[in-house]
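Hello,

Here is the structure I promised to pass on. Please open it alongside this message, and I will walk you through what turned up.

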Amino acid sequence: MAKRQSLKSTTIIVLLLCLVAFSTVFAPLPSPLSNSLKPHKHHHDHHRRNHQVVNARKFEIADDMFWKDGEPFRIIGGDLHYFRTLPEYWEDRLTRAKALGLNAIQTYVPWNLHEPKEGQLDFNGIADIVSFLELCHKLDLLVMLRAGPYICAEWDFGGFPAWLLTKEPAIKFRSSDPAYLALVDSWWGVLLPKISHLLYHKGGPIIMVQIENEFGSYGVDKDYLHHLVNLARTHLGDDLILYTTDGGTRETLTKGTINGDGVFSAVDFSTGEDPWPIFNLQKEFNTPGKSPPLSAEFYTGWLTHWGENIAKTDAISTASALEKILSRNGSAVLYMAHGGTNFGFYNGANGAQESDYLADLTSYDYDAPISESGDVDGAKFKELRRVIAKYSATSLPPVPKNIEKTGYGRIKLEKMSSLFDILESNVHIKPIESENPISMEAAGQMFGFLLYTSEYITNGKGSTLSIPKVHDRAQVYVTCHSDNKKERPQYVATIDRWSNKHVNLPNSECASTSKLLILVENMGRVNYGQYIDSKGILSPVYLDGKPLLKWKMLPIPLSNLNEPQKLNPIFDKPYSDFIGASIRKTLKSSLRVNLKEPAFYTGTFVVDKVTDTYISFNGWGKGVAFVNDFNIGRFWPSYGPQCNLYVPAPILQQGKNVLVVLGLESPEHELVVNSVDEPDFTCGSKHTSVRQL
């Protein structure tokens with residue numbers, strides 16, 4: 001490719017050389033070149049004089065184009081999140097992205113993954129962002145890093161750690177609130193120095209770092225945005241492109257653009273919209289000559305919530321929309337190139353108000369060209385690759401084969417124990433006592449479940465229970481409270497935040513008092529918009545119109561994605577020790593299956609050859625599953641649409657593998673699940689169509 005050199009010739013020779021350079025890098029280009037692609041002489045001359053050393057690594061913006069090492073460059077990138085793919089598969093997925101024709105990877109950085117508890121930093125395993133970035137560099141993939149601190153991403157709380165909700169007085173998120181900024185300063189003070197050696201001009205892959213995320217859709221606080229820019233410059237220096245991404249409207253760009261700090265403003269918009277009027281609008285929010293057309297989120301598919309039909313978009317129309325950008329020298333980042341999986345409890349949710357709550361699936365397949373399990377034989381991959389190949393500066397690598405998947409067959413489970421019995425017998429789980437219910441965050445239970453218990457005197461007529469504000473799903477049980485006689489909790493009803501209702505408690509014949517048990521599930525914090533989504537019981541609990549007092553809260557410490565997996569804190573032993581555990585002998589009375597009582601079930605399956613697989617929960621109600629101590633996520637096939645949970649091969653081992661299930665309700669009548677070789681998104685009764693946000 002022709003290098004840019006100092007101006008030593010006549011104007012005509014310069015223009016001819018520029019035309020040759022453009023035709024080489026962007027072959028095939030539309031002919032003739034549009035005026036917008038022809039460099040203005042005085043800008044070009046000045047830019048050349050700053051690049052006497054053509055071998056220096058530099059990524060920059062000039063003449064409304066990206067330039068890499070002195071040559072015009074088009075970004076054809078894709079989002080691929082390291083925290084949604086096991087580290088053992090990072091290189092595989094990046095290789096598939098490269099085979100798609102991508103030359104850059106965009107990824108978010110979720111603060112809550114790296115600092116799950118205040119001051120407890122984690123950059124190991126699936127949180128080893130440095131190793132991921134180094135792999136990108138090894139594969140000659142550039143990186144656009146979306147450092148937050150807010151990321152959205154259909155990730156719990158938009159990447160904010162839940163412990164931020166415990167701060168008193170309450171902090172104001174995404175603002176210039178000094179208390180909030182101090183916490184961001186501390187976080188970025190760790191993150192940014194850790195990745196600074198991987199900036200492009202220092203020999204690494206990072207060409208751009210994003211400030212915040214679609215802030216123009218959230219609010220107006222320029223002081224906050226300028227603070228983030230200054231903080232980034234302090235840690236990363238001035239030789240780096242900082243950028244924002246906002247929706248392609250005048251309102252969002254006005255709110256989200258950071259003027260005066262040399263920050264590049266990129267746009268996103270719905271796939272299928274005419275991109276070029278939006279790119280022209282983008283220019284108004286960038287310094288003249290500093291606005292290469294970039295769709296920073298070109299949507300290849302869409303997210304899906306529980307209770308919806310699985311999101312699907314047409315391959316041909318998606319590829320056609322991409323070509324409208326690339327054919328005129330625009331740049332685009334596919335969101336998503338590869339979606340991956342919301343392992344553990346990290347899925348996000350949407351909800352603009354109390355009852356308008358929709359939790360995201362465990363699968364984050366997103367109908368992306370590279371599927372959740374890495375498959376690349378779908379129509380969307382082929383169509384997008386066909387278009388990208390026409391505009392790529394280099395020939396595309398060969399497409400890898402799909403990773404092998406195996407159905408290991410029927411897995412018979414046995415009931416291990418009732419959840420209530422475990423909590424009652426485990427001396428290590430200490431209840432928290434309070435006059436009124438407290439939030440999950442206040443109880444130190446950031447994810448999963450919290451059990452609330454209280455007592456009341458029965459009136460012989462039955463009582464009415466109401467919980468005005470519960471996040472997100474509460475299963476209500478009652479039992480007689482007696483020191484001499486142990487009775488099984490009786491299921492009463494389930495209260496959802498999206499369909500909150502009063503509950504009639506049964507007329508109990510208890511000799512003294514009745515015990516009320518409310519198991520609350522955090523189904524994922526809202527990750528988009530103004531709503532601050534604390535979890536648990538967030539209001540008084542009313543019995544016959546009067547507040548019920550004196551509560552105990554029992555944390556249920558199930559392991560999450562970035563927490564130690566080898567010990568199950570409920571049992572103080574590995575999950576794999578569930579088989580034949582002595583606790584079964586002491587809890588024989590609870591082993592009868594109760595369709596509405598939460599319980600642990602366990603079983604084993606034998607693997608001769610380790611490959612990917614899926615666990616089908618078709619016929620089950622709702623719950624969470626663990627394979628060989630790893631939290632593979634939530635299942636809810638009775639609501640749908642996801643029937644099967646993805647189990648990547650690195651989780652499995654040759655020989656015996658252990659599956660542990662916390663079933664919240666309605667286990668399959670034979671207590672059977674199946675290991676199968678393909679995904680399935682056809683479960684449940686579909687309540688809503690896919691919602692565009």
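Helices and strands here are DSSP runs, numbered from the N terminus, with helices being H or I of at least four residues and strands E of at least two.

Before going further, a word on the basis. This is a predicted model, in which local features need pLDDT of at least 70 and side-chain atom pairs count only at pLDDT 80 or more, while totals for chains, interfaces and linings use all residues. Residues are numbered from 1 along each chain as its sequence is written, and side-chain values use heavy atoms, with hydrogens and water left out.

On confidence, pLDDT (the predictor's confidence in each residue, from 0 to 100) averages 89 over the protein, and 86% of the residues score at least 70. Over residues 1-54 pLDDT stays under 50, and the model has 61 contacts beyond four places in sequence for them; a contact means heavy atoms within 4.5 Å. Residues 578-587 also stay under 50, with 20 such contacts.

Back to α3, which spans residues 90-100. Its buried residues are Trp-90, Arg-93, Leu-94, Arg-96, Ala-97, Ala-99 and Leu-100. Buried means under 20% relative accessible area, exposed over 50%, and partly exposed in between, with a 1.4 Å probe and protein chains only. What do the buried residues of α3 pack against? The list is β4 (76-80), β5 (104-108), α5 (129-138), β11 (331-338), α11 (379-391) and β32.

The largest nonpolar core has 157 residues, and Trp-188 and Leu-659 have the most contacts inside it. Such a core is a set of buried Ala, Val, Leu, Ile, Met, Phe, Trp, Tyr and Cys residues joined through side-chain atoms within 4.5 Å. Helix α6 (residues 178-195) gives the largest share of this core, 9 residues. A second, separate core holds 26 residues, including Met-440, Tyr-456, Ile-518 and Leu-548. If you click on Leu-659 and leave aside its neighbours within four places in sequence, you will find contacts with Ile-411, Leu-413, Tyr-601, Thr-602 and Gly-603, among others. Also on the list for Leu-659 are Phe-605, Ile-615, Ala-625, Phe-626, Val-627 and Val-673.

There is also an open sheet of 6 strands, in the order β16-β27-β17-β23-β20-β21 and with antiparallel pairing. Two strands pair if DSSP finds at least two bridges between them. At the edges stand β16 (432-434) and β21 (490-496); each has a single partner strand, so one side of each is left without a neighbour in the sheet. From one strand to the next, the twist averages 25°. Strands β20 (residues 473-481) and β23 (residues 513-521) run antiparallel and are joined by 9 bridges. Ala-474 stands opposite Val-520 in β23.

How many disulfides does the structure hold? It holds 1, counting a pair of cysteine sulfur atoms within 2.5 Å as a disulfide. The disulfide joins Cys-643 to Cys-683, with S to S at 2.1 Å. The torsion about its S-S bond is about 125°, so the disulfide is right-handed. Cys-643 sits in the loop between β31 (630-635) and β32 (644-647), and Cys-683 in the segment after β34 (672-676), so the pair ties together parts that are 40 residues apart in sequence. Cys-643 counts as buried at 1% relative accessibility, and Cys-683 is buried at 5%.

Finally, some backbone details to look at. A cis peptide bond joins Glu-168 and Pro-169, with omega about -5°; Pro-169 is found in the loop between β6 (142-146) and α6. The peptide bond from Tyr-335 to Met-336 is cis too, with omega near 0°, and Met-336 is found in strand β11.

Phe-157, in the loop between β6 and α6, has a positive phi near 60° although it is not a glycine. Phe-157 is buried, at 4% relative accessibility. Glu-214 has a positive phi of about 50° and is not a glycine either. This residue lies in the loop between β7 (206-210) and α7 (222-236), and its relative accessible area of 13% makes Glu-214 buried.

Terms used:
Axes are lines fitted to C-alpha atoms, for helices over the stretch in contact, and angles run from 0 to 180 degrees between N-to-C directions.
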